[in-house]
Amino acid sequence: MKPRLLVMDVDSTLITGEVIEMLAARAGSQELVAEITERAMRGEIDFAASLHERVATLAGLPVSVLDDVLAEVELTPGARELVAELQARGWAVGLVSGGFIEVVGPLAASLGITLTRANALEVTDGVLTGRVTGAVVDRAAKAVALADYAAASGVALEDTVAIGDGANDLDMLAAAGFGIAFNAKPVVAAQADAVVEERLDAVLALEPFAR
């Protein structure tokens, strides 16, 4: 069987919530951040600009909140089963997130996933500065990550599958051989090859995963 690759979004796809909102709850800015996140995921505002605006509200939080949030993260029902099944079949699995590597990295490691890309929060003297370091992982960067993972795994782009829920995932879903909208915003569901809801491992019933 040909090698295959699955690349997934993280927030509201692999996990049930939005890490930025979980952090914002500790900064007293959850309502504002949730509203901005919703608009960004619907594609109404630029993702990079929205990320900078949301992260700015986190300034002053101790870096220890990242461990607290990681402990609260819940995998989407069926996520662990999907990853385990595909790894057993010899698929490569990657994560690419507009969230934060400080949470995505340990989460990926717990699932045996080594292909990861996400934003990094700037920390000075043990506190968040309210800024990210490096280029923002936006919708274009997600498509680049998919191509990079495919090349690293020796997989042709037409043999890749991508799963996401928001407008930030649209380029990645379009670039993949098969794009799946999971619990997705209408703009994403309208452009995906398939739409899946509730359990993530329900995607296994779709054609790309046929043995």
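Which elements each supply at least two residues of the lining of the largest cavity? Before I answer, a word on the model. It is predicted, so local features need pLDDT of at least 70 and side-chain atom pairs count only at pLDDT 80 or more, while totals for chains, interfaces and linings use all residues. Residues are numbered from 1 along each chain as its sequence is written, and side-chain values use heavy atoms, without hydrogens and water.

The elements are α2 (30–41), α3 (47–56) and β2 (92–100); helices (H or I, at least four residues) and strands (E, at least two) are DSSP runs, numbered from the N terminus. A cavity is a set of points on a 1 Å grid over the protein atoms alone where a 1.4 Å probe fits but cannot get out, and lining residues have an atom within 4 Å of a point. The lining comprises 17 residues, with D11, E18, F47, G98 and G99 nearest the centre. Strand β2 gives the most, four residues.

Let me turn to the sheet. Seven strands form an open sheet in the order β4-β3-β2-β1-β5-β6-β7, with mixed pairing; two strands pair if DSSP finds at least two bridges between them. Because β4 (127–133) and β7 (194–196) stand at the edges with a single partner strand each, one side of each has no neighbour in the sheet. Strand β3 (residues 115–124) runs antiparallel to β4, joined to it by four bridges. Within β4, T133 is the residue that stands opposite A120.

Methods
1 Å grid on protein atoms, 1.4 Å probe; cavity = no way out; pocket = protein on both sides within 12 Å on 5 of 7 lines; lining within 4 Å.
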